[in-house]
Amino acid sequence: MTNSMAHSRARRNPADGRAPVRRAAASVGVLFLVIGVLGFIPGITTHFGDLKFAGHDSDAKLLGLFQVSVLHNIVHLLFGVAGLLLARTVPGARAFLIGGGAIYLVLWLYGVVVDHDSGANFIPLNGADNWLHFLLGVGMIALGLLTTRAANRR
């Protein structure tokens with residue numbers, strides 16, 4: 001093996017050669033796509049017959065826990081598509097993870113402040129959604145920062 005081949009192999013990611021932030025953004029994007037699709041599957045989404053387009057009166061719950069609506073599921077699908085598209089470049093992937101994480105933290109704050117039984121809860125959100133949005137926000141921002149940390153030092 002020549003020295004240049006060894007050097008090339010050491011720098012290449014064994015999984016696919018993509019930067020870690022790109023892999024992270026793509027993975028999060030796929031996760032959102034899966035969640036969006038699962039929200040439309042009866043059985044995985046309990047009380048599927050009560051699924052509304054939007055609003056707090058949608059009683060459908062993904063995995064029997066997370067309150068969903070058609071709008072909520074569509075947002076997950078769009079977030080997934082955005083993640084996959086933005087994962088094509090390092091700056092795009094980082095922007096998706098950090099910006100998307102910030103959006104989820106704002107959504108968490110909204111869910112904490114809004115009365116869950118009011119018309120203002122149009123997404124809809126419940127307590128389980130709030131905690132999930134908080135964890136998603138913190139996790140996405142952490143992924144965006146940690147997977148680009150080494151690149152920022154150069």
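Me: Which residues make the nonpolar surface patch, and what is its area?

Reply: A patch is made of residues with over 30% relative accessible area and no salt bridge, where like charges are joined within 9 Å and nonpolar side chains (Val, Leu, Ile, Met, Phe, Trp, Tyr) within 5 Å. A salt bridge is a side-chain nitrogen of Lys or Arg within 4 Å of a carboxyl oxygen of Asp or Glu. Accessible areas come from the Shrake-Rupley method with a 1.4 Å probe, and for residues only the protein chains shown count as cover. Here Val 37, Ile 41, Ile 44, Leu 63 and Leu 65 form a nonpolar patch of about 410 Å².

Me: On what kind of model do these values rest?

Reply: This is a predicted model, in which local features need pLDDT of at least 70 and side-chain atom pairs count only at pLDDT 80 or more, while totals for chains, interfaces and linings use all residues. Residues are numbered from 1 along each chain as its sequence is written, and side-chain values use heavy atoms, leaving out hydrogens and water.

Me: Where is Ile 41 placed, and why does Ile 41 count as partly exposed?

Reply: Helices (H or I, at least four residues) and strands (E, at least two) are DSSP runs, numbered from the N terminus. Ile 41 belongs to the loop between α2 (20-38) and β1 (45-46). Buried means under 20% relative accessible area, exposed over 50%, and partly exposed in between (1.4 Å probe, protein chains only). Ile 41 counts as partly exposed because its relative accessibility is 32%.

Me: How many helices and strands does the chain have?

Reply: The chain has six helices and three strands, in the order α-α-β-β-β-α-α-α-α along the sequence. Of its 154 residues, 33% are buried.

Me: Which residues of α2 are buried?

Reply: An α-helix has 3.6 residues a turn, so residues three or four places apart point the same way. In α2 the buried residues are Val 21, Ala 24, Ala 25, Ala 26, Val 28, Gly 29, Phe 32 and Gly 36. Their cover includes α3 (70-86), α4 and α5 (127-146).

Me: How many aromatic pairs does the structure hold?

Reply: A pair of aromatic rings is described by the distance of the centres and the angle of the planes. Rings of Phe, Tyr and Trp (its six-membered ring) pair if their centres lie within 6.5 Å; planes under 30 degrees apart count as stacked, over 60 as edge-to-face and the rest as tilted. The structure holds seven such pairs. Phe 32, Phe 79, Phe 96 and Tyr 104 are linked by ring pairs into a cluster.

Me: Is His 72 buried or exposed?

Reply: His 72, in helix α3, counts as buried because its relative accessibility is 4%. Contact means heavy atoms within 4.5 Å. Apart from neighbours within four places in sequence, His 72 is in contact with Gln 67, Ile 123, Pro 124, Leu 125, Asp 129 and His 133.
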